[in-house]
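Trainee: I'd like to learn how to read a protein model feature by feature. Could you take me through one?

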Amino acid sequence: MKWPFILLFALLTSSHVPKDSSPYCSCECDDRCAFLSVAKQSSFVALVKIISNEEYEPPVRTENSEFTYSRFTDIVRVEVVRRYKGDDTRDIVPLMGGQGSDCTGETAGMKSDEYYLIASDLEYLEYDQSVGGVYTFFVCVTDHLEVDMSTQTLTGVYRSWYKHELVPLKDVHADLSK
């Protein structure tokens, strides 16, 4: 008698997985997860160019360390083309991401010479001081969008979580310069 109840409970609690989210991370999104809303809450917003995307190897665990793994699998180095928000003055900043598991945003598909609009917060990895301050992505929100520099547009969840839209870069500049 318990099995139908358990099955019904499982279906009801796991049936809403929004587009662009991970099956490993519980996400409930509305327009707060669209890029413009995320940018308002983020400490760093910039147009960036991908320099490199490398597999991230966390330091080896020692007897005295408490960490057991890194949720990040990629380290992406980017050149800041235009800074809209933030105090970070570095020209090249690291982004950390992964494959979408453990709620990390997907960065595996980012390739050299591609452009992205990013919104993120600075994080320091306690277990790896060698990378310094990094910016991280979260799978449940739209915190990065690919930019097509040849057409000066971006496509994605920009204003509303419920639709993908084509947005001219000049409109993005106006929105983020307010």
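Mentor: We'll go through the fold, the sheet, the salt bridges and a pocket in turn. Keep in mind that this is a predicted model.

Trainee: Let's begin with the overall layout. How many helices and strands does the protein chain have?

Mentor: Start with the inventory, then read the order. The protein chain has three helices and nine strands. Going along the sequence, the pattern is α-α-β-β-β-β-β-β-β-β-β-α. As for burial, 43% of the 178 residues in the protein chain are buried.

Trainee: Which way do S1 and S2 run relative to each other, parallel or antiparallel?

Mentor: Look at the bridges and their sense. S1 (residues 44–55) pairs with S2 (residues 74–85) in the antiparallel sense, over ten bridges. Valine 45, for instance, has lysine 85 in S2 opposite. S2 is also joined to S3 (residues 92–97) by six bridges, and that pair runs antiparallel. There, isoleucine 75 has methionine 96 in S3 as its bridge partner.

Trainee: On to side chains. How many salt bridges are there?

Mentor: The test is distance: a side-chain nitrogen of Lys or Arg has to be within 4 Å of a carboxyl oxygen of Asp or Glu. By this rule there are five salt bridges. One of them joins aspartate 113 to lysine 49, with the closest N and O atoms 3.7 Å apart. Aspartate 113 is in the loop between S3 and S4 (115–120) while lysine 49 is in S1, so this pair ties together parts that are 64 residues apart in sequence.

Trainee: Is aspartate 113 buried or exposed?

Mentor: Compare the relative accessibility with the cut-offs: under 20% is buried and over 50% is exposed. Aspartate 113 has 54%, so aspartate 113 counts as exposed.

Trainee: Which residues are linked in a network of salt bridges?

Mentor: Arg159, Glu165 and Asp175 are. Within that group, the side chains of arginine 159 and aspartate 175 meet at 3.7 Å, N to O. This pair links distant parts of the chain, 16 residues apart: arginine 159 is in the loop between S8 (153–156) and S9 (165–168), and aspartate 175 is in H3 (residues 169–176). Arginine 159 is partly exposed, at 38% relative accessibility.

Trainee: How far apart are the closest N and O atoms of lysine 170 and aspartate 171?

Mentor: They are 3.9 Å apart, and the two residues form a salt bridge. Lysine 170 has a relative accessible area of 61% and is exposed, whereas aspartate 171, at 27%, is partly exposed.

Trainee: Now pockets. How much space lies in the second largest pocket?

Mentor: The general idea: rolling a probe the size of a water molecule over the atoms shows where empty space is left. In this case, the second largest pocket holds about 220 Å³. Its lining includes Leu36, Val45, Lys85 and Asp175. H2 (35–41), S2 and H3 are the elements that give two or more residues to that lining, and H2 gives the most, with three.

Trainee: What classes of residue make up the lining of the second largest pocket?

Mentor: Five nonpolar, no polar and four charged residues.

Notes
Residues are numbered from 1 along each chain as its sequence is written. This is a predicted model: local features need pLDDT of at least 70, side-chain atom pairs count only at pLDDT 80 or more; totals for chains, interfaces and linings use all residues. Side-chain values use heavy atoms; hydrogens and water are left out. Two strands pair if DSSP finds at least two bridges between them. Helices (H or I, at least four residues) and strands (E, at least two) are DSSP runs, numbered from the N terminus. Buried means under 20% relative accessible area, exposed over 50%, partly exposed in between (1.4 Å probe, protein chains only). On a 1 Å grid over the protein atoms alone, a cavity is a set of points where a 1.4 Å probe fits but cannot get out, and a pocket is an open set with protein on both sides within 12 Å along at least five of seven lines; lining residues have an atom within 4 Å of a point. Grid points are joined across faces, edges and corners, and a volume is the space filled by probe spheres set on the points. Ala, Val, Leu, Ile, Met, Phe, Trp, Tyr, Cys and Pro count as nonpolar, Asp, Glu, Lys and Arg as charged, and the others, Gly among them, as polar.
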